[in-house]
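Hello,

Here is the structure I said I would pass on. My notes on it follow below.

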Amino acid sequence: LKPIGVGTQLVESLSSYKSRLASYHTCSTGTLVMNQIVPLIFQLSERYYKKDSKNSFARFVDRNSGALNGNGLTANSFVLALERLTFCSSLKFLTLLSWNNIFSSIGLMRPHSAWCPICFEDWKQNNQPIYETLIWKLKVINVCPSHQTLLQTKCQNCQKILPQLSSRSQPGYCSKCYQWLGIKKDDIHDIEFKCMPSCELAWQAFVAENIGELLARTPTLLSIPSREDVSQNLKKCIDLSTGGNRQAFAELICMTTSAVWGWYKGSSLPQILVLLRICYCLNISLIDFFNGNISLFDSNHINTLHPNQHSKISRHFPVDKTIILLSTYLESEPPISMEAVAQKLQRDKRILYRHFPSLCMRIASRYKKYRSELSRQRIENLCFKAKSAANELASIGVNPSEAKVQAHLKWKEH
């Protein structure tokens, strides 16, 4: 089974490839991982996992599934095992392993799944393979590069957060309720995206474009820059933008002077988010930075960071915008919980209740009624199935006891 999109910005992720591989061989993802991949990982990397049992390692992967697509030991172990099993030599490009000496694993990958529902729906309508892209797995990516809409982080059906990989993973479907995650473009009402200020939209577009270009170019790069190359390029940025003034450069990218001094000496390297800030401020691409093309920098075109793009500047409370969003969520279908609303707004639920008690209580009450109605419908459906099963058993002369009705229902489901 060949991976999808190698050499493009929409290259497949390793966790998605494992799920598709399991489906191709008509087994669950959990069965493939536990019966084929994990035993081979122990065989190839016993010195790393000699203190763990197979089951404990499986639990570790389940708890740290985001690392499967990253640049650390977990990703490397799975790539080695899968390349041995599939004879496919390009699987490392489904992860960030090529950049393991450059990017810190801190804040690199999402701990949970994110996806573009429009991509899923488009691929389904065009009879294309359904998969999850690597770019969706990066924590800095919040917008789909293809459709310029916010990525979804919760199933629109059960409102649950999904792991990057589970025993029942199947790209395009919720691993909790098994419902389809795709949505047509006309059916998406992305209020949060529409309310973003223009500078924040520009930043999100810049991040998606540059990360996409990096993933697309990685397989064809003759060599990956070294830590020394990155350190030298950072020095060039400081010299060209602020004449070597490290304090002025720190203020430009909203970082501390001590952090910039560490980069200047080469004792540390910035995280990927900070590298993107630097490139955004200097109006150069991430690829040009890594290639050392800092001379393309134009001192007359320096971008300033929006407050949402860094943590040094305190964020004000946008009351008017929050009221608009809460009013929109009050009318959303299906209704959503206040926990989901707080996460979407990136605010503490208690603060929302303190400032907007009436709207929050109405949202919570509406969601409670919605859940009660779902529960009622589920009970009615189960009662109907139980009665039907009892009648079917009685019609063939079998006493419809509780145990036999349950067994009959399970048989029908299979």
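Asp-348 is partly exposed, at 31% relative accessibility. Its salt-bridge partner is Arg-350, with 3.0 Å between the closest N and O atoms; Arg-350 is exposed, at 62%. Please keep in mind that this is a predicted model. The structure holds eight salt bridges.

An α-helix has 3.6 residues a turn, so residues three or four places apart point the same way. Glu-373 is partly exposed, at 31%, as are Arg-376, at 38%, and Glu-380, at 47%.

On the surface, Lys-160, Arg-168, Lys-176 and Arg-371 gather in a patch of positive charge. Lys-160 sits in the loop between helix H6 (117-125) and helix H7 (191-194) and is partly exposed, with a relative accessible area of 44%.

Ser-169 is also placed in the loop between H6 and H7. Ser-169 counts as buried because its relative accessibility is 14%, where buried means under 20%. A polar atom of its side chain lies 2.6 Å from the backbone nitrogen of Ser-166.

Lastly, helix H15 (residues 338-345) has Met-338, Ala-340, Val-341, Ala-342 and Leu-345 buried. Just after H15, Gln-346 takes a positive phi of about 55 degrees.

Regards

Terms used: Residues numbered from 1 in each chain as written. Predicted model: local features only at pLDDT ≥ 70, side-chain atom pairs only at ≥ 80, totals over all residues. Heavy atoms only, no water. Patch = residues over 30% accessible without salt bridge, like charges linked within 9 Å, V, L, I, M, F, W, Y side chains within 5 Å. Areas by Shrake-Rupley, 256 points an atom, 1.4 Å probe, with all protein chains shown as cover. Salt bridge = Lys/Arg side-chain N within 4 Å of Asp/Glu carboxyl O. Lys, Arg positive; Asp, Glu negative; His and termini not counted. Charge placed at Lys NZ, Arg CZ, Asp CG, Glu CD. Helix = DSSP H or I, 4+ residues; strand = E, 2+ residues; numbered from the N terminus. Buried < 20%, exposed > 50% of the residue type's maximum accessible area, 1.4 Å probe, protein only. Polar contact = N/O pair within 3.5 Å; in protein donor to acceptor, adjacent residues only side chain to side chain.
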